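Welcome, and please open the model in your viewer. We will go from stop to stop, selecting a few residues each time and looking at what is there.

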Amino acid sequence: MKKYYRVMLGKKSIFAEQCFAGNFIGADIGINEDLTPSLPEAWREFNGKFIPVFLKKNPDFSKIGAGLACGFLWTVAKGLKKGDLVLCPDGSGIYHVAEIT
């Protein structure tokens, strides 16, 4: 089943032009480790492990904000599947649609 996602390409779409030109989506919330062995099928399990890591580096965030950030990271790293569609704003009021290939 095809899913649809809205993806911001950096704060205020700062990386939109670079992502559009290179045909990629990226996510960086400051967790500097290889996530490959830490990507379970369920995002809740991922969040359970990484919310404390995120909050340690970003103590001004609420637990809800940390959960949203970690959930987004899991979605980009594990949740997006071939055929899914993403809607990405470019910062000027225009949205671009892309298909995960």
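Begin with the largest pocket, which has a volume of about 420 Å³. Keep in mind along the way that this is a predicted model. To find the pocket, select Met8, Leu9, Gly10, Lys11 and Phe15, the residues of its lining that lie nearest its centre. The lining has 13 residues in total, and they divide into eight nonpolar, three polar and two charged.

Now select Asn23, Phe24, Ile25, Ala98 and Glu99, which lie nearest the centre of the second largest pocket. This pocket holds about 260 Å³ of space and is lined by 14 residues. Helix H1 (16-22), strand S2 (85-89) and strand S3 (95-99) are the elements that each give two or more residues to the lining. Which of them gives the most? Colour S3, the source of four lining residues, and you have the top contributor. By type, the lining of the second largest pocket has ten nonpolar residues, three polar and one charged.

Stay with Asn23 for a moment. Asparagine 23 sits in the loop between H1 and H2, and its phi is positive, about 55 degrees, although it is not a glycine. It counts as exposed because its relative accessibility is 70%, and exposed means over 50%.

For another residue of this kind, jump to lysine 12, in the loop between S1 and H1. Its phi is near 55 degrees, again a positive value in a residue other than glycine. Is lysine 12 buried or exposed? Lysine 12 counts as exposed, with 74% relative accessibility.

Next, go inside. Select Ile29, Leu35, Phe46 and Cys70, which have the most contacts within the largest nonpolar core, a group of 13 residues. Helix H2 (43-57) and helix H3 (63-79) each supply at least two residues of this core, and the largest share, five residues, comes from H3. Zoom in on isoleucine 29: setting aside neighbours within four places in sequence, it is in contact with Phe54, Asn58, Ala69, Cys70 and Leu73. Apart from this core lies another one, of eight residues, including Val7, Leu9, Cys19 and Cys88.

With H3 still in view, highlight its buried residues, among them Gly65, Ala66, Cys70, Trp74 and Val76. What covers them? The cover includes strand S1 (4-6) and H2.

Our last stop is the aromatic rings, where the structure holds two pairs. For one of them, show the side chains of phenylalanine 46 and phenylalanine 50: the ring centres are 4.6 Å apart and the planes stand at 35 degrees, so the pair is tilted. Both of these residues are buried. They are four residues apart in helix H2, so about one helical turn separates them. An α-helix has 3.6 residues a turn, so residues three or four places apart point the same way.

The other pair is phenylalanine 54 with phenylalanine 61. Here the ring centres lie 5.0 Å apart with planes at 85 degrees, so the pair is edge-to-face.

Technical notes: Residues are numbered from 1 along each chain as its sequence is written. This is a predicted model: local features need pLDDT of at least 70, side-chain atom pairs count only at pLDDT 80 or more; totals for chains, interfaces and linings use all residues. Side-chain values use heavy atoms; hydrogens and water are left out. On a 1 Å grid over the protein atoms alone, a cavity is a set of points where a 1.4 Å probe fits but cannot get out, and a pocket is an open set with protein on both sides within 12 Å along at least five of seven lines; lining residues have an atom within 4 Å of a point. Grid points are joined across faces, edges and corners, and a volume is the space filled by probe spheres set on the points. Ala, Val, Leu, Ile, Met, Phe, Trp, Tyr, Cys and Pro count as nonpolar, Asp, Glu, Lys and Arg as charged, and the others, Gly among them, as polar. A nonpolar core is a set of buried Ala, Val, Leu, Ile, Met, Phe, Trp, Tyr and Cys residues joined through side-chain atoms within 4.5 Å. Buried means under 20% relative accessible area, exposed over 50%, partly exposed in between (1.4 Å probe, protein chains only). Contact means heavy atoms within 4.5 Å. Rings of Phe, Tyr and Trp (its six-membered ring) pair if their centres lie within 6.5 Å; planes under 30 degrees apart count as stacked, over 60 as edge-to-face and the rest as tilted.
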